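Here is a set of questions and answers on how parts of one protein chain pack together. Look at the sequence and the structure first, then read on.

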Amino acid sequence: MATQRLSFLPIAFSTGQSLPSKRHDSSCLSLPLSSLYGNKLLIKTFNLSRFVTKHHSFTTATVSFSLPTAKPKRAPSEKSPKWSARSIKSFAMAELEARKLKYPNTGTEALLMGILVEGTSQAAKFLRANGITLFKVREETVNLLGKSDLYFFSPEHPPLTEQAQRVLDWAVDEKLKSGESGEITTTYLVLGIWSEKESAGHEILATLGFNDEKAKELAKYINEDIVLNYK
């Protein structure tokens, strides 16, 4: 008799006796099941090898542990310190914020927003605790610098402004002066922005209540990127 098949399931139901076949199909399993449809339940397994790639290709992602510098040739005796993972992520978020606002460059205001977007560093927590949030910084940025042209599109990696570049170099220089080991944290970035008196980032911080006293308080955590609280 004809075999009834369900097109969406790999199971074939037979209502009669199976016909003899000269070819033995090892992928079929025949089970006696007289209480169901017919005398036998034919279960056929499918070869899924065509859906599985035999050769796997791996993509290697390269992560940079340094940020742009205007001083590539420092003294040979000076070992350039590495940036912390949160600092690098903050920089990446700064570029993204500059692109969101359609600015042609990544400025000190974008660096500040990048730190707050990353959000997990000691510096970001300190800023939020003092009422300096991402929303407020973004609002002050637009008020200060204005909105970009509707049809302008920022480059994928908006180049740093001179002031933003000096912030990064200031952070590296201060880390070298300290003589301490460890990475350059996001706190260095915030203090670097504050050191650029004529920058948009400094003006925004000042407008939102940041001052020299708070800068000194933040400097106490300059080598701490995050504080874990298990309570």
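Q: Leaving aside its neighbours within four places in sequence, which residues is Leu205 in contact with?
A: The model is a predicted one. Contact here means heavy atoms within 4.5 Å. With neighbours within four places in sequence left aside, the residues in contact with Leu205 are Leu112, Leu127, Ile132, Val190, Ile193, Trp194 and Phe210.

Q: Which residues of the largest nonpolar core touch the most other members?
A: This core has 40 residues. Helix 2 (108-118) and helix 7 (200-207) are among the elements that give two or more residues to the core. The residues that touch the most other members are Trp83, Leu127, Val137, Leu205 and Phe210.

Q: Is helix 2 largely enclosed by the rest of the structure or largely open, and why?
A: A residue is buried if its relative accessible area is under 20%. In helix 2 the buried residues include Leu111, Leu112 and Met113. Since 10 of the 11 residues of helix 2 are buried, helix 2 is largely enclosed.

Q: Which helices do the buried residues of helix 2 pack against?
A: The buried residues of helix 2 include Ala110, Gly114 and Ile115. The helices they pack against are helix 1, helix 3, helix 4 (134-145), helix 5, helix 6 and helix 7.

Q: Which residue just after helix 2 takes a positive phi?
A: The phi in question is about 80 degrees. The residue that takes it, just after helix 2, is Gly119.

Q: How many residues in the contact of helix 1 with helix 2 are nonpolar, polar and charged?
A: Helix 1 contributes residues including Arg86, Phe91 and Met93, while those from helix 2 include Leu111, Gly114 and Glu118. By type, the residues of this contact divide into 9 nonpolar, 2 polar and 4 charged.

Q: Does Leu67 count as buried or exposed?
A: Leu67 lies in the loop between strand 4 (40-44) and helix 1. Not counting residues up to four places away in sequence, Leu67 touches Trp83, Ser87, Ile88, Phe91 and Leu168. Because its relative accessibility is 10%, Leu67 counts as buried.

Q: What distance separates the C-alpha atoms of Leu67 and Phe91?
A: Along the chain, Leu67 and Phe91 are 24 residues apart. Phe91 is one of the residues that Leu67 touches. The distance between their C-alpha atoms is 8.0 Å.

Key. Residues numbered from 1 in each chain as written. Predicted model: local features only at pLDDT ≥ 70, side-chain atom pairs only at ≥ 80, totals over all residues. Heavy atoms only, no water. Core = buried A, V, L, I, M, F, W, Y, C linked by side-chain atoms within 4.5 Å. Buried < 20%, exposed > 50% of the residue type's maximum accessible area, 1.4 Å probe, protein only. Helix = DSSP H or I, 4+ residues; strand = E, 2+ residues; numbered from the N terminus. Nonpolar A, V, L, I, M, F, W, Y, C, P; charged D, E, K, R; others polar.
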